[in-house]
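Here are a few worked exercises on helix packing and cores. Grab a viewer and try each task before you read its solution.

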Amino acid sequence: MRDSACGGTEAELCRDDSAAFVLKFVAIASILLAGMAGIAIPLIGKHRRFLRTDGNLFVTAKAFAAGVILATGFVHMLSDATESLNSPCLPEFPWSKFPFTGFFAMMAALFTLLLDFVGTQYYERKQGLNRATEEQVRVGSSEQGIVDWSSGNKVFGEEESGGMHIVGMHAHAAHHRHSHPQGHDACHGIGTVKEHGHAHGHAHGIALTDEEETDVRHVVVSQVLELGIVSHSVIIGLSLGVSQSPCTIRPLIAALSFHQFFEGFALGGCISQAQFKASSATIMACFFALTTPVGVGIGTGIASVYNPYSPGALIAEGILDSLSAGILVYMALVDLIAADFLSKRMSCNFRLQIVSYCMLFLGAGLMSSLAIWA
């Protein structure tokens, strides 16, 4: 049996139901305002010069937010999940016989990769079909003045029907690569080949441009990132709501407000870059901002009947924390940090590299330090 040490003796020593009830309302207001401010800044700021999504200030602020999210996954979510799934309140078998925390986090990361891939493919095909339809309408409505194509205008490998066989596709891809500047010249825009845009568009009419592919990635990243953030926001809101200890709630208010602000900033930046309609962006922003406060409210309502040390509660909390950690770590490393830090823009700007790396480590360090109190 492992239940001899089961329970929250430390929290019971500081138990004060009335004081905790008041602090929960303070927590709801503070976390709601922090979340709204964090996600609103990039959404509103994209129309302002100093916070435009293509500005250096936005990139460095996003690097700080990415560090916060990475530390949330590694330092907070994983440790909380380990504590829940290794609790003495749970039976020794199977919870002490297998590292479930790492397993669930790994599966969540792999599932996020799959979701990332499928979502990107879906939106790329949807975008491509839309472009093909628009092209057909445009061509159909124009006069058929040009019927005979001269061989000089064809891309190597293009067939008479306008399509390309596989050899031509590879040759055209090689031409595409060599038509763009590389290395130092790429940073200064030397060697741009204007003819390429015509040939590329003529060869495969529904292929997405680089800008459209980037927009598709931002759409998928913003939606998957919101899924990961919301899933753990519910848990941390419930955890605060069911607590009757002011000693536990006070540090959580500051920690969660800080955490919510910068998670909101990162998510708001992704939503802003995805170019959603105003209504869709508003819905996503409100959904994020309300999730943790609603979780606190639900936790407050069930605090009298909810036992956070019951096996069911510990297992559910541990599994959800593990899954959230896997999602957040994947999103932070792959879709936020790698996407920006391995970009041509970053590699061509040494000052931006230095500042962004400093902000990344600062965000991760500050969020990690909050684990001392919460």
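**Exercise 1.** Which residues in H10 meet which residues in H11?

*Solution.* Start with the ground rules: this is a predicted model, where local features need pLDDT of at least 70 and side-chain atom pairs count only at pLDDT 80 or more, while totals for chains, interfaces and linings use all residues. Residues are numbered from 1 along each chain as its sequence is written, and side-chain values use heavy atoms, with hydrogens and water left out.

Step 1: on the H10 side, take Gln-260, Glu-263, Gly-264, Leu-267 and Ile-271. Their partners in H11 are Ala-281, Met-284, Phe-288 and Thr-292; contact means heavy atoms within 4.5 Å.

Step 2: sort these contact residues by type, and you get five nonpolar, three polar and one charged. Here Ala, Val, Leu, Ile, Met, Phe, Trp, Tyr, Cys and Pro count as nonpolar, Asp, Glu, Lys and Arg as charged, and the others, Gly among them, as polar.

**Exercise 2.** At what angle do H10 and H11 pack?

*Solution.* Step 1: locate the helices (DSSP runs of H or I, at least four residues, numbered from the N terminus). H10 spans residues 246-273 and H11 spans residues 278-302.

Step 1: read off an angle of about 165°, with the axes 11 Å apart. Axes are lines fitted to C-alpha atoms over the stretch in contact, and angles run from 0 to 180 degrees between N-to-C directions.

Step 2: classify. H10 and H11 are therefore roughly antiparallel (the cut-off is over 145 degrees).

**Exercise 3.** Which residues touch the most other members of the largest nonpolar core?

*Solution.* Step 1: a nonpolar core is a set of buried Ala, Val, Leu, Ile, Met, Phe, Trp, Tyr and Cys residues joined through side-chain atoms within 4.5 Å. Buried means under 20% relative accessible area (1.4 Å probe, protein chains only).

Step 1: among the 53 residues of this core, the answer is Leu-225 and Ile-271. H12 gives the core its largest share, ten residues.

Step 2: Beyond its neighbours within four places in sequence, Leu-225 contacts Ile-69, Ala-266, Leu-267, Cys-270, Met-331 and Leu-336.

**Exercise 4.** Is His-259 buried or exposed?

*Solution.* Step 1: find His-259 in helix H10. Step 2: with a relative accessible area of 2%, His-259 is buried. Step 3: list its contacts, leaving aside neighbours within four places in sequence: Thr-72, His-232, Ile-236 and Met-367.

How values were computed
Helix = DSSP H or I, 4+ residues; strand = E, 2+ residues; numbered from the N terminus. Parallel < 35°, antiparallel > 145°, perpendicular 65-115°, else oblique. Buried < 20%, exposed > 50% of the residue type's maximum accessible area, 1.4 Å probe, protein only.
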